[in-house]
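Let's take a friendly walk through this fold together. Have a look at the sequence and the structure below, and then we can go through the architecture step by step.

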Amino acid sequence: MQTRPLGTTGPQVSALGLGCMGMSALYGEADRAESIATIHAALEAGVTLLDTGDFYAMGHNEMLIGEALRAAPAALREQALTSVKFGALRDPDGGWSGYDGRPAAVRNFAAYSLQRLGVDHIDVYRIARLDPNVPIEETVGAIAELVEKGHVRHIGLSEVGAETIRRAAATAPISDLQIEYSLISRGIEDEVLPTTRELGIGITAYGVLSRGLISGHFTADRQLAPTDFRSMSPRFQGENLQHNLSLVEALRKIAEQKGVSVAQIAIAWVSSRGEDIVPLVGARTRERLTEALGALDVTLDDADLAAIVQAVPADAAAGDRYPAAQMSHLGTDR
């Protein structure tokens, strides 16, 4: 598999990363054995970047990855790179209570993640969202101390704006920004992407299929469990959903002309945006992983790219990425 640099200060990683969140939380029931088999299949296919968060099902996702790594052959286990988000505060009922970026909390979160993952270091460590009460310099400085001690290899950021990126980069070397980027979520193109490129910071793009919305597999009559994030997501509601699925059908025509799936052309589009962008695919099964990996064989020429953007123009999606209460935590400049 081809590799890409995770920024000028980060490691070389596979051209696709595996986002493991859906194996534990937020998108309905997942099969544990199939999840582990999918992680193993990804490693066998050359995927090196495994992304998680310590708050995904309150540590379950990290323990799942740790179990998968322990069961993997040594050579595959050694090639795996862990990307971990921290800072989200939860309660026993699954509720959300904000974010904690205090240096003492950073060290505490890291200690638990190392134990759950069963590793002696985390390859990329980042706060999931800004703590509005703690300057980013303090949070990044605490991660930098973990780097000095060998507990973390590289410092990342997640869902922040250009000003915060600059402040963080002035504090310590930043390898990567994780942020949502897809055909229907292109907000980073105006300010964030030019800033990361100026500073030599890579992008790991999550939501490349918009939580399955533009995968080609989601249908308007699909019943979602109350615990499924999409049951509350504005883009999956009523007329918004109908409009967004019409965009998918326009994209399907282009995909069919190229003999590929909708998901593959959507992933390939993100991948085509630059060598500094690594798409994260949230495959929960080996079948979906195989489809996603097929995107690496899709070549999009200028005519393809023009047709795709005509079918799905920037800002064409109906509805915000998150419910209103969660949108306030995105891109905060502090």
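## The barrel

In what order do the eight strands of the closed barrel run? The order is 3-4-5-8-9-10-11-12, and the pairing is parallel. From one strand to the next, the twist averages 30°. Keep in mind as you read that this is a predicted model.

Strands of a sheet pair through backbone hydrogen bonds, in either a parallel or an antiparallel arrangement.

Serine 158 has glutamine 178 in strand 10 as its bridge partner.

Helix 4 (residues 103-117) packs on the sheet, where it touches strand 5 (81-86) and strand 8 (122-127). The direction of helix 4 makes about 140° with that of strand 8.

## The chain as a whole

Stepping back, the protein chain holds 12 helices and 12 strands. Its radius of gyration is 19 Å, close to the 20 Å that the globule rule gives for 334 residues, so the chain is as compact as a globular protein of that length. Along the principal axes, the C-alpha atoms fill a box of roughly 55 × 45 × 40 Å.

## Burial, contacts and surface

Of the 334 residues, 57% count as buried. If you take the contacts between residues at least 6 apart in sequence, 75% join residues at least 24 apart. The accessible surface of the chain comes to about 14,000 Å², and carbon and sulfur atoms account for 50% of that area.

Definitions and conventions. Residues are numbered from 1 along each chain as its sequence is written. This is a predicted model: local features need pLDDT of at least 70, side-chain atom pairs count only at pLDDT 80 or more; totals for chains, interfaces and linings use all residues. Side-chain values use heavy atoms; hydrogens and water are left out. Two strands pair if DSSP finds at least two bridges between them. Helices (H or I, at least four residues) and strands (E, at least two) are DSSP runs, numbered from the N terminus. Axes are lines fitted to C-alpha atoms, for helices over the stretch in contact, and angles run from 0 to 180 degrees between N-to-C directions. Contact means heavy atoms within 4.5 Å. The radius of gyration is taken over C-alpha atoms; the globule rule is 2.2 Å times the number of residues to the power 0.38. Buried means under 20% relative accessible area, exposed over 50%, partly exposed in between (1.4 Å probe, protein chains only). Accessible areas come from the Shrake-Rupley method with a 1.4 Å probe; for residues, only the protein chains shown count as cover.
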